[in-house]
Amino acid sequence: MSGRRLAVVVTVEHHDDPVLRRYSVPSADVRGLAAVLADPGLGGFDVEFLQDPETWDVYQRLQAVADNRTPDDCLLVYFRGILLSGPGGGLYLATPDTVMQRPADTAVDVTRLDALIHRSHAGQVVIILDGRTGGPVDAGAYFPAAHAADNRSRVLLTADARPEPPTFAGLLADGLRGGAADRNRDGYTGIDEVIDHLRERDPSVRHWTFGTGRQPYLSKVRKPGSDQMALIAELAAAAAGPDLPQAAQARTTLSRLATGSDRVAAAATAALRRTSLRVPDPQITFGQTLPGGPAQTARVPLTAPPLVATSTVTTTGDGLQAVLDGSHLQVTWRPGRSSLTGSVTIDGPTGVAHLSVTGEVTPETSALPKPGTAPQPGPALPGAAPHPGATSQPGATSQPGAASQPGAASQPGAASQPGAASQPGAASQPGAALHPGAVSHPGATAESGSGAQSGAAARSGQSDATGQGGTALEPTLPAPPPRWAGGNGVRPTSGAPAGQPPFSAPVDPWPDAPTSTTPPRPGRRIRGRPHPPGCPTPALTTGSSARPPHPAPTTRSPARSPLPVPRIRTPTAPRPPARMTRRRVP
């Protein structure tokens with residue numbers, strides 16, 4: 001419970017009235033009961049003990065306790081004395097100034113006590129009347145307001161006060177103090193367990209329960225070693241504190257209390273475990289590095305109190321160092337020439353912890369290929385530098401007169417195909433080198449001084465630089481030669497002698513031929529102007545004597561019929577009119 005626990009213990013042993021004086025009840029064991037209720041380890045109540053109070057004082061104290069309460073609070077009212085029945089049927093608690101003939105005016109009325117409890121917001125209220133009466137009394141009938149406690153708990157307990165021991169107060173105190181009333185052994189003595197415990201020892205005990213709230217408990221059970229349990233809690237708090245000398249002394253005391261098999265030893269062992277050094281991950285792996293590489297550092301978090309700062313750190317392993325840095329352990333490794341297999345040990349007042357440290361040193365030669373093997377080259381690109389260590393395959397011959405490009409590597413395993421001859425009549429580009437393995441275009445001949453191969457190269461038995469069979473690379477074909485409109489698709493040379501560079505455009509064999517300003521008609525050709533074979537006829541532009549350039553080369557396409565040659569007819573001088581002569585016919 002998080003609320004307050006308040007108790008008012010009233011005992012009346014002396015009376016001013018001579019009649020009541022003869023029936024007075026001794027207050028034996030009442031103080032012992034008040035001490036049990038006030039013990040923090042048992043009842044935990046804030047007890048107010050009243051010995052022979054006046055009537056007015058009882059009202060005031062009861063009203064002060066009942067007011068300003070919360071649903072979490074628990075109230076207990078205990079009265080030991082004489083219970084009087086009034087002439088009107090009321091029930092009263094006799095005090096020292098009570099007059100036997102006028103109880104309603106001079107005694108504590110139970111109905112007023114019921115009204116005070118009803119106005120209180122306390123969630124749990126227990127009223128115990130240990131009184132001496134002239135006969136059986138139905139005390140529950142005098143608390144009508146308690147019947148209206150819906151979600152609260154109201155318990156009324158009565159017993160006949162016996163003057164000789166064991167008294168009702170003594171029986172109740174013994175049941176709470178030793179834990180005998182705790183029937184279910186849960187560590188708390190509830191009101192129901194108290195009633196069952198008292199009924200077995202005093203048959204006059206009666207009780208009434210009102211409301212539906214949670215039933216209160218009167219005390220906790222103090223087991224053997226409870227005082228030492230409180231000491232262990234204080235020592236555990238000191239061991240986790242910032243005062244290092246006090247923390248070290250607290251752990252020493254806890255170690256001494258942890259010897260044994262009782263509950264005190266178990267609690268001390270648990271306190272030592274909570275304030276000991278713990279390493280979440282006792283394994284440190286630095287990975288791979290080169291010999292003499294840069295230093296590597298790892299920070300390991302530690303779970304330990306501040307007392308761990310007084311511990312000593314030792315290491316085993318070449319180039320391994322460790323130091324405590326607050327709540328972390330900083331481990332540094334300087335790689336040497338061999339791998340690391342070491343450990344770090346932390347020893348101190350908070351305990352001992354071991355960490356294993358490993359690291360691998362990789363030799364520099366491990367990055368080189370094994371003896372007898374060569375690196376696998378990738379596909380050779382035109383103009384790419386040759387791979388270091390790639391050797392030409394025996395049997396691969398270089399072509400005579402071929403001008404290789406700077407940095408171009410010959411394809412290993414490429415051999416010229418037998419029987420592939422260059423066709424005369426075609427001129428290759430000057431200085432153009434054919435790609436290894438490219439098939440020469442049919443009808444193309446290599447000129448003197450050009451870098452073309454004399455035969456078509458084929459990929460036969462292609463392999464990598466090591467001679468191992470691999471995936472054949474796709475051959476790269478040269479660009480197709482341009483096609484010219486002239487019937488056979490070959491660029492005309494305009495009759496240039498061998499050894500001279502070809503003209504950029506065909507030469508007109510009749511440069512002095514007159515031009516026509518009249519647009520030509522399609523399908524006609526100029527009379528008397530025979531077309532030389534292989535020379536395309538340019539289209540004439542009206543009013544211009546300039547001849548258009550030859551059409552640009554087109555991409556390679558299937559053979560097609562030659563373009564039709566337009567026929568151009570030039571106008572001639574008009575003929576003179578014919579002279580008409582008359583002949584006389586005989």
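Helices α2 and α6 run roughly parallel to each other, because angles under 35 degrees count as roughly parallel and this pair packs at about 30 degrees. Good morning, colleagues; I begin with that pair. Please bear in mind that the model is predicted.

The axes of α2 and α6 lie 8 Å apart, and their crossing is left-handed. On the α2 side, the residues in contact are Val30, Gly32, Leu33, Val36 and Leu37. They meet Ala169, Leu172, Ala173, Leu176 and Arg177 of α6. Sorted by class, this contact comprises 8 nonpolar, 1 polar and 1 charged residues.

Let me stay with α2, which spans residues 30-38. Which residues of this helix are buried? They are Val30, Leu33, Ala34, Val36 and Leu37. These residues sit on the same side of α2, because the arc they cover around the axis is only 160 degrees. As for what lies over them, the cover includes the helix α6 (168-177). It also includes the strands β1 (5-11), β2 (46-51), β3 (74-85) and β10 (217-220).

I turn now to the other partner of α6 in this talk, helix α7, residues 191-199. Here the packing angle is about 125 degrees, and the axes are 10 Å apart. The two helices are therefore oblique to each other. The crossing of α6 past α7 is right-handed. From α6, the contact draws on Phe168, Leu171, Leu172, Gly175 and Leu176. From α7, it draws on Val194, His197 and Leu198. By class, that gives 6 nonpolar, 2 polar and no charged residues. I would draw your attention to Leu172 and Leu176 of α6: both take part in the contact with α7, and both also meet α2.

The last pair consists of α3, residues 55-66, and α5, residues 110-119. How are these two helices oriented to each other? Their axes come within 9 Å and cross at roughly 20 degrees; α3 and α5 are therefore roughly parallel to each other. The crossing is right-handed. Tyr59, Leu62, Gln63 and Ala66 of α3 make this contact with Arg112, Leu113 and Leu116 of α5. The residues involved divide into 5 nonpolar, 1 polar and 1 charged.

To conclude, I return to the orientations. The pair α2 and α6 is roughly parallel, as is the pair α3 and α5, whereas α6 and α7 are oblique. In handedness, the crossing of α2 and α6 is left-handed, while α6 passes α7 in a right-handed crossing and α3 passes α5 in a right-handed one. Thank you for your attention.

Technical notes. Residues are numbered from 1 along each chain as its sequence is written. This is a predicted model: local features need pLDDT of at least 70, side-chain atom pairs count only at pLDDT 80 or more; totals for chains, interfaces and linings use all residues. Side-chain values use heavy atoms; hydrogens and water are left out. Buried means under 20% relative accessible area, exposed over 50%, partly exposed in between (1.4 Å probe, protein chains only). Helices (H or I, at least four residues) and strands (E, at least two) are DSSP runs, numbered from the N terminus. The arc is that of the directions from the helix axis to the C-beta atoms. Contact means heavy atoms within 4.5 Å. Axes are lines fitted to C-alpha atoms, for helices over the stretch in contact, and angles run from 0 to 180 degrees between N-to-C directions. Angles under 35 degrees count as roughly parallel, over 145 as roughly antiparallel, 65 to 115 as roughly perpendicular and the rest as oblique. A crossing is left-handed if the near helix is turned anticlockwise from the far one by less than a right angle, and right-handed if clockwise. Ala, Val, Leu, Ile, Met, Phe, Trp, Tyr, Cys and Pro count as nonpolar, Asp, Glu, Lys and Arg as charged, and the others, Gly among them, as polar.
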